[in-house]
Amino acid sequence: MQEIGMLTNFNKPTELAKMTSLVAKAYGMELIYMRPKDINIEEKKVYGKVLVNNKWVDKTTDIPPFIDAAPYCFMRKNKEKMDFLRKTTFLSDNRRNVVTKEMLQNTLSKDEQFSHLMIPTHKIKNFKDMNSYLHDYQKIVLKPGKGLRGKGIYIIEKKDNDLFTIGFNKEKWDADLNALEEFFYNTVSGKNYILQKYVTSRTPQGDPFDCRVHVEKDGTGKWAVAKIYVRIGIGQSVISNVNQGGGISDPKEFLKANFNGQQEEIYQNLLKLGTQIPKKMEQLRGTHIMSLGLDIGIDTNGKLYLFEVNDGPSTKAVISEVAFLRSNYYLYVLENRLNRKVKVKDSTDELENNQKEIRELKEMIAEKEKQLNSILNSKSWKLTGVMRKARRKMTKKK
């Protein structure tokens, strides 16, 4: 059975690793779960784990010819290990020529195909830059230039010449010009932040939302939309980040409820961007990529804006889809890029057991999503929008 690797920083194998391992086995591949510290450069070995009878067991083996490497593994402390892997094996993403948020916005702003999606973006150098943007746009977003998964994002709104509101996660507070300048030097200065014009992408109840278009390479080596879902920042004042307590909703139901009459056009445009933008990203970086998460906002008129392109997207809401697409892509790379023949193991019992495990995991994940969608699309949730608005106002006054 042909070995392939999955490289992450998590000590315990994830649900995605388990499901991917099960699907991969059905295609004649054995997934080796590993961390950077499991790689031995001198011996050219990896001390990883494999799934056997639904349990992870230790296994020492040669460096797999293909490794699905999480972006988080490319940290300074792992540089020697990752440089070794770049030379030794085929990585799903070698992290060469990474495109920063500012670079992406500036480049796509000059591209006729994507310029309509772009938000005015500027690398913040000093307090004057920030104050100037507030003067021009009244409301701005501050975010780390190399941030991941919505961390460290602030929203600042200018109320008048000497009054501003700062939002972070679920909190808001007022600041005069002196306090704003102090905030800048304590929180933003020297930390590679960018600033953007704020785009209103909120539900009628006032909760921020965006559309995550999760894309993966498929069994033909081409880009495919794994899933589109709406992320709603339940009670959040800044962003629609599921990692900070938000929720997800089915896109078609959400678009029908909030953009009735435009829902099909918006949905089709999201699907189109799911294949167009990844191709552009590979062109800009000059290398292959396997996985991306596109964060797209929609204003009250139904206009789409590209907030970010994440090359390390969360898979919590797309585990079964990602496991299937990645397993097929692994097979494509082995056979078409590395010229390795993969033979499916003729074991009916093992295949049936794998399929049973996959079904059970899919059912568990689907049930979680169903519960979230039920809450977000219920009448009681919509009716409590006024209460959530009031709660945010009370928090602001404190």
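I take contact to mean heavy atoms within 4.5 Å. Helices (H or I, at least four residues) and strands (E, at least two) are DSSP runs, which I number from the N terminus. For angles I use axes, which are lines fitted to C-alpha atoms, for helices over the stretch in contact; the angles run from 0 to 180 degrees between N-to-C directions.

**Entry 1: the model.** I am working with a predicted model, in which local features need pLDDT of at least 70 and side-chain atom pairs count only at pLDDT 80 or more, while totals for chains, interfaces and linings use all residues. Residues are numbered from 1 along each chain as its sequence is written, and side-chain values use heavy atoms, with hydrogens and water left out.

**Entry 2: the whole chain.** I find eleven helices and 18 strands in the protein chain. Of its 398 residues, 53% count as buried (under 20% relative accessible area, with exposed over 50% and partly exposed in between; 1.4 Å probe, protein chains only). Among contacts with a separation of 6 or more, 65% are between residues 24 or more positions apart. The accessible surface is about 19700 Å², and carbon and sulfur atoms hold 48% of that (Shrake-Rupley method, 1.4 Å probe).

Entry 3: I looked up an open sheet of five strands, ordered β16-β15-β14-β17-β18, with antiparallel pairing (two strands pair if DSSP finds at least two bridges between them). At its edges I find β16 (247-249) and β18 (304-310), each pairing on one side only. On average, neighbouring strands here are turned by 35° against each other, direction ignored. Six bridges link β14 (residues 209-217) with β17 (residues 291-298) in the antiparallel sense; V215 has L292 in β17 as its bridge partner. Helix α8 (residues 319-337) lies across β14, β15 (223-232) and β17, at about 25° to β14.

**Entry 4: the six-stranded sheet.** I read the order of this open sheet as β8-β13-β9-β10-β11-β12, with antiparallel pairing. The edge strands are β8 (121-123) and β12 (171-175), and each pairs on one side only. I then checked β8 against β13 (residues 193-197): the two run antiparallel and are joined by three bridges. The bridge partner of K123 in β13 is I194.

Entry 5: Helix α3 (residues 101-109) lies across β8, β9 (139-144) and β13, and runs at about 135° to β8. Helix α4 (residues 127-137) packs on the sheet and touches β8, β9, β10 (154-160), β11 (163-168) and β13. I note that the direction of α4 makes about 10° with that of β13.
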